[in-house]
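Let's take a friendly walk through a protein model, looking at its backbone and then at its pockets. Keep the sequence and the structure in view as you read.

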Amino acid sequence: MSANVEHTRNTRTAVIAGLGAYVPDQVVKNDEIAARLGVTTDWIRDRTGIEQRYVMEPEQATSDLAVEAGRRALDSCGNPEIDFLILATCTPDHPFPATAPAVAARLGLKGIAAFDLNAACSGFVYALSVSAGMLASGAYRTGLVIGADAISTILDNDDQITAPIFGDGAGAVVVRAGGTDEPGSVTAHVLGSDGDLLDIMKTPAGGSRQRSAGVGTDAAQSYFTMAGRSVYKHAINRMTLASTTVLEQMGWGVDDVDWLVAHQANRRILTATAEAIGIPADKAVINVDKVANTSAASIPLAFVDAVESGSFAAGDRVLLAAFGGGATWAAAALTWPELTLPATS
């Protein structure tokens with residue numbers, strides 16, 4: 001057993017007590033995107049592993065996704081009293097104010113601490129780590145952590161790099177204060193960033209830098225851009241390093257891991273990351289084929305898929321890993337708890 005785990009045994013951390021997810025009703029298959037881009041469905045599937053994605057209706061926003069996922073997570077564990085809400089998103093309803101307070105109010109949670117966290121695709125694991133610190137402090141007892149993104153709202157639908165990859169969705173967990181030896185406890189977590197890589201994924205327009213320069217924007221600057229090859233390389237390297245660090249902290253070998261739940265970027269990154277860590281491909285949870293890359297929502301959406309499919313069992317050792325714009329990366333370890341999903345998840 002590592003010194004880190006010995007030190008943290010029976011101390012307070014976040015324990016996952018509830019789970020829920022939501023995707024919009026509108027399904028967009030590869031043939032629709034392929035026709036627009038002038039490529040084949042095989043071209044999309046071979047490069048991404050994606051078969052379809054869910055996309056919001058024009059009148060919807062990220063908060064709508066977050067509210068429904070949060071409601072389902074609360075329902076799954078009997079609607080406990082909540083002390084704080086963290087919304088991981090890079091597509092807030094507005095640049096200002098934060099979206100989390102509005103989500104909290106719509107869930108009947110007025111008056112609690114509520115804030116947005118933007119670590120892009122790493123956002124959910126970042127938020128889970130922050131929740132563990134808040135609960136460990138003793139100042140809070142229960143929280144709601146939501147990952148929600150509507151990447152379709154910042155996509156250039158004619159961009160062959162980004163248009164096939166992303167979908168919209170939200171996932172949420174209820175966390176409570178508990179001991180590190182309890183099922184569901186977030187026992188180890190590692191976060192990292194490298195701002196020198198900010199240009200590999202970004203939306204240029206809309207922030208203070210563009211506005212203070214007094215430069216007008218055209219539509220292209222409002223779209224999300226991505227340097228695909230750089231993202232592929234850095235995502236695998238950073239998720240592997242963070243995961244290895246977490247395994248060392250836990251005193252786990254790769255054979256001790258029952259499931260790897262990595263950010264669902266695309267199938268090639270998922271399988272390459274599992275291979276680099278040394279985890280067999282059949283232990284990697286993959287649902288990117290059904291929901292595409294949903295940014296901060298991808299890991300909790302994968303949780304729900306693994307529970308519904310019967311893959312996860314109470315006591316399974318689960319390794320989380322993510323990489324996102326910033327650049328940011330994160331990894332965490334937990335033992336899966338006994339959970340009951342609401343019928344609507």
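Helices (H or I, at least four residues) and strands (E, at least two) are DSSP runs, numbered from the N terminus. This is a predicted model, in which local features need pLDDT of at least 70, side-chain atom pairs count only at pLDDT 80 or more, and totals for chains, interfaces and linings use all residues. Residues are numbered from 1 along each chain as its sequence is written, and side-chain values use heavy atoms, with hydrogens and water left out.

**The backbone**

Most residues other than glycine have a negative phi, and most peptide bonds are trans. Now look at some places that depart from this pattern. Phenylalanine 96 and proline 97 are joined by a cis peptide bond with omega of about 0°. Proline 97 sits in the loop between strand E4 (84-88) and helix H5 (100-106). Another cis bond runs from glycine 326 to alanine 327, with omega near -10°. Here the loop lies between strand E12 (317-324) and strand E13 (328-335), and alanine 327 is part of it.

Where is alanine 292? You will find alanine 292 in the loop between helix H10 (288-291) and helix H11 (298-308). Serine 295 also lies in the loop between H10 and H11. Both residues are buried (under 20% relative accessible area; exposed is over 50%, partly exposed in between, with a 1.4 Å probe and protein chains only). The table gives their values.

| Residue | Phi | Relative accessible area |
|---|---|---|
| Alanine 292 | near 65° | 0% |
| Serine 295 | near 55° | 1% |

**The pockets**

On a 1 Å grid over the protein atoms alone, a pocket is an open set of points with protein on both sides within 12 Å along at least five of seven lines, and lining residues have an atom within 4 Å of a point. Grid points are joined across faces, edges and corners, and a volume is the space filled by probe spheres set on the points.

The largest pocket holds about 980 Å³ of space. It is lined by 38 residues, and Cys90, Thr91, Pro92, Asn118 and Thr203 are the closest to its centre. Strand E5 (113-117) and strand E9 (201-202) each supply at least two lining residues.

The second largest pocket holds about 550 Å³. Of its 25 lining residues, the closest to the centre are Ile161, Ile165, Met226, Gly228 and Asn266. Helix H3 (41-48), helix H8 (228-250) and helix H9 (267-277) each give two or more residues to this lining. Which helix gives the most? H8 does, with 6 residues.

Notes: 1 Å grid on protein atoms, 1.4 Å probe; cavity = no way out; pocket = protein on both sides within 12 Å on 5 of 7 lines; lining within 4 Å.
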